[in-house]
Amino acid sequence: MIKVGPAGSSGLGNLKGVLRVAEMGLDCMEVEFTYGVRMDIKAAQAVGQLAKEKGVLLSVHAPYYINLASEEKEKLSASKKRILESCQRAHHLGACNVTFHAGFYQTRTAEETYARIKKAMVGLQKQIARRRWQVTLCPEITGKPSQFGSLEELLYLKKDIGCGITVDFSHLYARHQGTVDYERVLKKLPQKFHAHFSGIEYGPKGEKKHIRTTKKFFEPLARQLVKCNPDITIISESPKPYEDALMMKKTLQNLLQEQKRTI
Ligand SMILES: [Zn+2]
């Protein structure tokens with residue numbers, strides 16, 4: 001099953017955001033803590049309860065200011081704290097997947113960066129298990145080659161420590177200067193994963209910004225998704241996340257119909 005929904009509530013607040021997702025016939029929503037975890041436990045439980053009633057699947061995006069590869073103790077512990085705070089809210093929201101950008105290479109080699117991020121994530125996994133939070137850490141494929149988080153790195157990390165993965169297909173597109181073979185990428189991916197998509201502007205250094213998603217831009221991915229029919233949640237991260245999520249959902253539905261007719 002391919003579930004589609006928006007990133008954030010477009011300023012409605014999370015309760016109204018969940019209602020709007022349900023009204024529009026969408027399936028899921030990502031609760032955004034991108035600029036800080038500003039939600040108390042009670043509020044998380046209320047949003048989680050409503051989402052459950054409405055059949056809306058929630059996920060969480062942890063703050064942007066995270067660098068699990070940092071050699072500065074304060075930065076590392078602040079990064080871990082932000083992820084744990086996101087995980088705690090996710091647990092009370094009933095959201096399993098917690099997305100974040102894991103870190104930067106800066107002056108380190110890729111191997112060194114990987115080792116530092118792995119060590120930090122194993123520590124976080126232990127804390128999550130100890131607190132019995134039902135959440136999965138899902139580091140995201142990042143949009144710039146200077147950031148840790150290529151498809152290969154994250155698949156290796158997933159295998160290595162049993163974490164999840166957030167496949168941001170538009171970041172992948174920007175990283176590879178617009179040359180993504182979605183069929184090949186999907187073959188490398190597990191059957192179940194969390195995903196992001198939107199239109200994207202990019203330059204030689206990768207991602208510049210997320211833009212509106214056109215049907216034309218989504219269709220090549222949608223065709224491959226319909227072909228493999230993975231068990232995924234795909235979050236629309238465009239500046240109009242609800243409208244573009246609806247376009248994505250309709251595109252997928254139309255392709256499914258088309259596929260049924262040709263069988
Ligand atoms: Zn993303």
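Two strands pair if DSSP finds at least two bridges between them. Helices (H or I, at least four residues) and strands (E, at least two) are DSSP runs, numbered from the N terminus. This is a predicted model: local features need pLDDT of at least 70, side-chain atom pairs count only at pLDDT 80 or more, and totals for chains, interfaces and linings use all residues. Residues are numbered from 1 along each chain as its sequence is written.

**View 1. Strands β7 and β10 run parallel, joined by 6 bridges.** β7 covers residues 192-197, and β10 covers residues 231-236. Lys192 faces Asp231 of β10 across the pairing. Phe193 has Ile232 in β10 as its bridge partner. Of the 6 residues of β7, 5 are buried, so the strand is largely enclosed by the rest of the structure. Buried here means that 20 or more other C-beta atoms lie within 10 Å of a residue's own, exposed means 12 or fewer, and partly exposed lies in between; C-beta atoms are placed from the backbone.

**View 2. β7 and β10 belong to an open sheet of 4 strands.** The order is β1-β10-β7-β6, with parallel pairing. At the edges are β1 (2-6) and β6 (166-168), each pairing on one side only. Neighbouring strands are turned by 25 degrees against each other on average, direction ignored. Axes are lines fitted to C-alpha atoms, for helices over the stretch in contact, and angles run from 0 to 180 degrees between N-to-C directions. β6 joins β7 through 3 bridges, again in the parallel sense. Val167 is set opposite Ala195 of β7. In a regular strand, side chains alternate between the two faces of the sheet.

**View 3. Helix α9 lies across β1, β7 and β10.** This helix spans residues 241-262. α9 runs at about 160 degrees to β1.

**View 4. A second open sheet has 4 strands in the order β2-β3-β4-β5.** Pairing is parallel here. β2 (28-32) and β5 (136-139) are the edge strands, each with a single partner, so one side of each has no neighbour in the sheet. Val60 has Val98 in β4 as its bridge partner.

**View 5. Helices α2 and α3 pack at an angle of about 40 degrees.** α2 holds residues 41-54, α3 holds residues 73-93, and their axes are 7 Å apart. That angle makes α2 oblique to α3. Angles under 35 degrees count as roughly parallel, over 145 as roughly antiparallel, 65 to 115 as roughly perpendicular and the rest as oblique. The crossing is right-handed, meaning that the near helix is turned clockwise from the far one by less than a right angle. From α2, Ile41, Ala44, Gln45, Val47 and Gly48 meet Arg89, His92 and Leu93 of α3. By class, this contact has 4 nonpolar, 3 polar and 1 charged residues. Ala, Val, Leu, Ile, Met, Phe, Trp, Tyr, Cys and Pro count as nonpolar, Asp, Glu, Lys and Arg as charged, and the others, Gly among them, as polar.

**View 6. Asn14 sits in helix α1 (residues 14-23).** Asn14 is buried, with 22 other C-beta atoms within 10 Å. Not counting residues up to four places away in sequence, Asn14 touches Ser9, Val31 and Val47. Two residues are in contact if their C-beta atoms, placed from the backbone, lie within 7 Å. Asn14 and Leu157 are 143 residues apart in sequence, and their C-alpha atoms are 32 Å apart in space.
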